Amino acid sequence: MNTSQCFHCGNEVVKKEEILFDDRSFCCNGCKTVYEIFSQNDLSCYYDFQANPGATPQDIKGKYDFLANENIVDKLLEFKENSTHIVSLYIPHIHCSSCIWILENLQKLQAGISTSQVNFPEKKVRITYNPEKTSLQEIVEMLCSIGYEPYISLENYDEGKKKVDRSLIYKIGVAFFCFGNIMLLSFPEYFEVNEFWIDQYKDFFRWLIFLLSLPAFIYSASGYYVAAWKSIKQGMLNIEIPIALGIVVMFVRSTVDIVFNYGQGFFDSMCGLIFFMLLGKLFQQKTYDFLSFERDYKSYFPIAITKILPGGKEVAVQVYDIEKGDRLLIRNQELIPVDGILISDSASIDYSFVTGEAVPIEKKSGDKIFAGGKQLGKVIEMEVMFSVSQSYLTQLWSNDVFQKKVEQKHKSITDQISHYFTPALLLLAIISFTYWVFIDVTTAFNVFTAILIVACPCALALTAPFTLGNVLRIMGNRKLYLKNAIVVEQLAKVDTIVFDKTGTITTHKKSAIVQEGIFEESDLVLLKNALRGSNHPLSRRLYDYLPEFPVAAVTHFEETTGKGIQAIVNGKTIKVGSASFVGDAEENQLKQTNVYVSIDGIYTGKFIFDNQYRDGLEELFSQLSKKYEVKVLSGDNEGEKEVLEQLLPKNTELVFNQKPEQKLAFIENLQKQGKNVLMIGDGLNDAGALAQSNVGISISENVNVFSPACDGILDASQFKRIDFFLRYSKNAMITIYMSFCLSLLYNIVGLSFAVSGNLLPIVAAIIMPLSTITIVSFVTIMSNYFARK
Amino acid sequence: MSVIYLLISISIIVAIVFLYAFLRAVKTGQYDDDYTPSVRMLFDDELVKGSGKKELPTSKKENIQTKIKTKII
């Protein structure tokens with residue numbers, strides 16, 4: 001088969017369905033239409049920046065009708081004035097430079113748009129338009145028609161304008177300004193201590209330095225004082241206490257020094273310290289702007305839904321305004337927002353969000369349907385039984401675990417160390433002070449302050465942020481996106497791993513069916529008709545896989561349990577089932593599920609059902625089970641038990657028939673036994689378990705869109721590397737311990753100066769940045785080295 | 001009055017001006033997205049005029065692609 005690529009979207013083009021246009025081949029009409037739109041509007045260099053950048057436009061007829069409702073549009077708008085509206089839309093497809101280019105040229109496709117600006121890291125486009133000339137609905141529909149469908153959910157509704165916290169950047173800017181200028185002004189005194197020139201201007205320089213240090217001392221370092229005060233109030237000894245103490249002592253002693261003309265003080269070291277520590281904070285804050293770890297049901301739910309008024313008129317209403325007894329219209333691919341009763345004859349509902357199960361469930365008129373399902377196929381009508389907040393799925397979120405924050409759950413490694421470090425430091429300072437008091441009181445004060453200054457655990461405080469920040473980055477490059485640095489520490493402590501089954505160790509996609517042997521079209525007609533009567537799961541799947549054919553009369557039908565079916569269609573006898581039943585000698589040796597077919601006693605061919613388990617599953621589990629307790633939790637029945645037992649190592653515990661609350665309780669129970677649990681799941685049904693576990697990682701085929709609240713998001717293609725990530729997080733902790741030792745070494749060197757009473761400002765000014773630089777380069781090199789293994 | 005007072009004051013004032021410029025730039029959101037502008041500056045007058053069938057000369061096209069690729073890497 002010729003495998004050319006679609007010029008627009010890059011998908012493989014099936015020769016039979018290829019569309020040639022302008023000497024280019026397209027996989028479908030949708031892609032061709034987008035190409036046409038672009039070339040008519042002089043925008044064809046869309047294809048020049050990146051090969052095959054596009055996405056096939058989806059059918060969205062009627063989906064965005066709710067944007068005609070002004071109240072809803074108002075909620076989405078960022079800015080509103082008579083002739084100018086500004087809206088920010090999240091478009092998951094944004095992925096390359098072509099996307100940026102086309103989305104910033106939207107004004108050529110739609111009159112009324114004045115400018116549009118892409119924010120690539122956040123995958124957002126900010127559109128300014130004139131509401132008199134166009135409308136949000138028109139813009140959204142135009143975006144869909146070129147394959148850039150925005151994602152609008154209930155979350156956008158109460159989002160409003162987000163306030164960005166930039167105070168850390170301000171603080172760093174101010175600290176760097178102070179640090180740089182002070183360093184420059186301190187230089188003369190470092191070297192020419194007794195010259196006439198310096199004597200003349202000494203006071204001027206010193207007081208200028210004092211003034212310059214004030215913004216850094218008061219503003220930039222303010223976060224440390226607050227944190228230190230809080231931890232004192234809570235009776236904890238965290239790293240902020242020696243830091244804050246060090247800064248304050250440095251400032252006071254330096255001021256005393258210059259007031260009484262003892263020396264130039266340590267203002268340079270103080271500002272450098274503040275600057276480097278803030279830099280560490282910034283480095284640790286690796287965020288993935290395009291991901292959200294706080295998702296709850298709101299980001300899955302539509303913002304509005306079509307309601308049928310008693311007169312039969314259809315209006316778009318906000319999801320929150322739905323009341324009991326309302327009649328709703330659910331279109332193809334739309335999410336059911338509330339629990340209710342089906343009114344239409346039948347519906348086929350995909351509950352993969354809720355249960356992870358990809359096979360749609362058939363419902364009949366009068367059946368109860370639950371929120372979170374997606375209607376597939378034709379339009380259905382339903383009657384509402386509960387409002388959004390009372391629906392089953394939404395209730396799950398009222399559980400306490402969703403209110404907790406990760407930071408509060410765990411104590412970080414730095415805090416653990418400082419638990420010993422802080423008292424030891426204070427003790428040393430006091431002992432040296434008492435020792436020197438008997439010799440010389442002035443020196444005693446000098447020594448006391450010098451110890452607190454030099455031991456200010458700058459390097460110690462920087463180790464964890466830089467290591468973990470770097471680890472986060474490296475993991476992010478390998479498609480495991482963690483929420484923050486604490487998760488890495490938690491990951492290293494894990495001893496029990498719980499996997500969800502459906503969607504996590506199996507793929508979401510319906511397993512592929514491969515046909516072997518030659519089937520004429522008439523054979524397929526026979527097969528399809530024979531399968532119609534069978535209820536066996538494999539028959540159903542094969543039936544769905546085959547194309548539509550006219551119904552033929554089945555004159556005889558017989559199903560032998562565990563073997564297959566035999567039917568007479570159009571006068572021909574057809575046998576479908578296992579190899580022995582069909583009469584073919586070739587047995588199934590591989591771990592595949594095959595269905596064999598024979599017509600009139602002649603073997604025609606077979607259908608191979610690919611197993612749906614992810615690549616490398618067996619290997620991963622056998623690796624993991626050596627070091628961890630591995631468990632599989634499933635919401636399904638025990639149908640797959642045997643296959644799983646065969647596939648997975650012996651000591652893997654398998655638990656079936658678990659409801660979302662039971663999964664949560666299961667994890668809680670393990671934790672009560674003292675286990676550190678890593679939960680790996682996907683759908684919303686795992687949300688509770690993910691939140692309860694020590695580390696909850698959700699696995700996603702498309703990281704941009706669907707994942708419940710969690711600590712980390714793993715791209716499904718990296719599933720088999722979970723082992724690596726766990727090992728890596730452990731190595732990261734080793735790196736931290738090693739550099740803790742290194743920084744303690746520096747502290748000891750510095751302290752030996754301090755205790756003996758010879759800490760000159762220049763020594764402090766050298767040791768401080770030197771230790772910072774060595775620590776930072778050490779942890780960077782080490783974490784990169786471990787990543788290569 | 002020595003010239004050194006004047007010079008140092010000037011140098012501090014210049015530094016303050018730069019600090020102010022930096023804080024303003026952060027405040028207006030110029031640092032919020034540090035990727036897109038780097039790609040955006042490479043596009044400008046690349047609109048294909050006319051029927052849309054005309055293409056950029058290959059050399060130019062490749063040039064853009066390599067430029068962007070280097071950027072992304």
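Predicted model: local features only at pLDDT ≥ 70, side-chain atom pairs only at ≥ 80, totals over all residues.
1. Phe499(A) belongs to the largest nonpolar core, a set of 118 residues in which it is listed, together with Ile247(A), Met277(A), Ile497(A) and Leu678(A), among the residues that have the most contacts inside the core. Apart from that core lies another, of 53 residues, whose members include Phe26(A), Leu43(A), Tyr64(A) and Val140(A).

2. On the chain as a whole, the secondary structure of chain A comes to 28 helices and 30 strands, and 55% of its 789 residues are buried. Of the contacts in chain A with a separation of 6 or more, 65% are accounted for by residues 24 or more positions apart.

3. One helix pair deserves a separate comment. Helix H10(A), residues 240-259, and helix H16(A), residues 441-454, have axes that come within 8 Å and cross at roughly 135 degrees, which means that H10(A) is oblique to H16(A). The crossing of these two helices, H10(A) and H16(A), is left-handed.

4. As for the residues that form this contact, H10(A) contributes Leu245(A), Gly246(A), Val249(A), Met250(A) and Arg253(A), while H16(A) contributes Asn446(A), Thr449(A), Ala450(A), Leu452(A) and Ile453(A).

5. Ser186(A) is placed in helix H7(A), which spans residues 167-191. Its relative accessible area is 2%, so Ser186(A) is buried, the cut-off for that class being under 20%. Beyond its neighbours within four places in sequence, Ser186(A) is in contact with Ile209(A), Gln264(A) and Asp268(A).

6. Gly147(A), by contrast in setting, is found in the loop between helix H5 (136-145) and helix H6 (154-157) of chain A. Not counting residues up to four places away in sequence, Gly147(A) touches Ala55(A), Pro57(A) and His93(A). The C-alpha atoms of Gly147(A) and Leu644(A) are separated by 40 Å, and these two residues lie 497 residues apart along the chain.

Methods:
Residues numbered from 1 in each chain as written. Chains lettered and ligands numbered in written order. Heavy atoms only, no water. Core = buried A, V, L, I, M, F, W, Y, C linked by side-chain atoms within 4.5 Å. Buried < 20%, exposed > 50% of the residue type's maximum accessible area, 1.4 Å probe, protein only. Axes fitted to C-alpha atoms, helices over the stretch in contact; angles between N-to-C directions. Helix = DSSP H or I, 4+ residues; strand = E, 2+ residues; numbered from the N terminus. Parallel < 35°, antiparallel > 145°, perpendicular 65-115°, else oblique. Left-handed = near helix turned anticlockwise from the far one by under 90°. Contact = heavy atoms within 4.5 Å.
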